[in-house]
Amino acid sequence: MERVHEPALIVNKLEEWSSWLEQHHASSTHLWLKIRRVRRDGSGIYLAEAVNEALRRGWIDGLMHTEDRNGFWLRFSPRKPHSVWSLTNYQRVQAHLAANRMTPMGLKTIEWAHQYGSWDAYEQPTPSSEKYP
């Protein structure tokens with residue numbers, strides 16, 4: 001199989017992805033991870049579990065490249081201090097915080113988000129929830 005993106009990783013279990021992140025989170029600039037589509041044949045990990053593990057360790061998903069009907073490649077990279085948080089990822093991280101599952105680097109990304117205001121955007125009331133005279 002010819003790989004379009006490098007560096008690339010194919011894992012069969014979430015533990016393998018977690019181990020790679022633990023070993024390389026501070027030294028790698030990015031990685032393309034093979035993601036298995038839901039309800040498809042084959043081995044691999046699913047999108048939600050890959051993203052959740054990345055968030056715990058201070059990484060974020062990005063570009064996607066479809067490979068076939070069974071899977072696709074997803075680019076992961078370390079979260080940068082000024083990056084914007086999606087509501088979905090904010091909620092995922094809140095669940096990890098409640099379960100005490102965040103790693104030190106994952107906690108550092110939350111600290112950056114507080115510092116630059118992207119975290120607080122979800123903790124502030126929106127104009128539609130305020131009462132106007």
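A: Among contacts in the protein chain with a separation of 6 or more, 66% are between residues 24 or more positions apart. The model is a predicted one. Its chain holds 4 helices and 5 strands, in the order β-α-β-β-α-β-β-α-α from the N terminus. Of the 133 residues, 37% are buried. The accessible surface is about 8200 Å², and carbon and sulfur atoms account for 52% of that area.

The charged pairs come next. The whole structure contains 6 salt bridges. One of them pairs glutamate 67 with lysine 34, with the closest N and O atoms 2.9 Å apart. This pair links distant parts of the chain, since glutamate 67 lies in strand S4 and lysine 34 in strand S2, 33 residues apart. Glutamate 67 is partly exposed because its relative accessible area is 29%. Lysine 34, at 16%, falls under the 20% limit and therefore counts as buried.

The strands around this pair can be traced through S5. S2 and S5 run antiparallel and are joined by 6 bridges; in one of these pairings, isoleucine 35 has phenylalanine 72 of S5 as its bridge partner. S4 and S5 are also antiparallel, with 7 bridges between them. A hairpin of 2 residues connects S4 to S5, and aspartate 68 stands opposite glycine 71 in S5. S5 is mostly covered, with 6 of its 8 residues buried.

Helix H2 carries other charged pairs. Arginine 56 forms a salt bridge with glutamate 53, with 3.0 Å between the closest N and O atoms. The two are 3 residues apart in helix H2, so about one helical turn separates them. Glutamate 53 has a relative accessibility of 4% and therefore counts as buried; arginine 56 is buried too, at 11%. Glutamate 53 also meets arginine 57 in a salt bridge, 2.9 Å from N to O, and both of these residues are buried. Through shared partners, salt bridges join Glu22, Glu53, Arg56, Arg57 and Arg101 into one network. In general, side chains of opposite charge can pair when their charged atoms come close.

Glutamate 49 lies in H2 as well, which spans residues 47-56. Its relative accessible area is 27%, so glutamate 49 is partly exposed. The side chain of glutamate 49 reaches the backbone nitrogen of tyrosine 46 at 2.8 Å. Leaving aside residues up to four places away in sequence, glutamate 49 touches Leu14 and Gly44. Tryptophan 17 is 32 residues from glutamate 49 in sequence, but their C-alpha atoms are 9.6 Å apart.

The largest nonpolar core has 25 residues, of which Trp17, Leu33 and Phe76 touch the most other members. Elements that each supply at least two residues of this core include H1, S2, S4 and S5. H2 gives the largest share, 4 residues. Leucine 33 touches, among others beyond four places in sequence, Trp17, Ala50, Phe72 and Phe76. Nonpolar side chains tend to be buried together in soluble globular proteins.

Asparagine 100 has a positive phi of about 55° although it is not a glycine. Most residues other than glycine have a negative phi. With a relative accessible area of 69%, asparagine 100 is exposed.

Technical notes:
Residues numbered from 1 in each chain as written. Predicted model: local features only at pLDDT ≥ 70, side-chain atom pairs only at ≥ 80, totals over all residues. Heavy atoms only, no water. Buried < 20%, exposed > 50% of the residue type's maximum accessible area, 1.4 Å probe, protein only. Contact = heavy atoms within 4.5 Å. Polar contact = N/O pair within 3.5 Å; in protein donor to acceptor, adjacent residues only side chain to side chain. Core = buried A, V, L, I, M, F, W, Y, C linked by side-chain atoms within 4.5 Å. Areas by Shrake-Rupley, 256 points an atom, 1.4 Å probe, with all protein chains shown as cover. Pairing = 2+ DSSP bridges. Salt bridge = Lys/Arg side-chain N within 4 Å of Asp/Glu carboxyl O.
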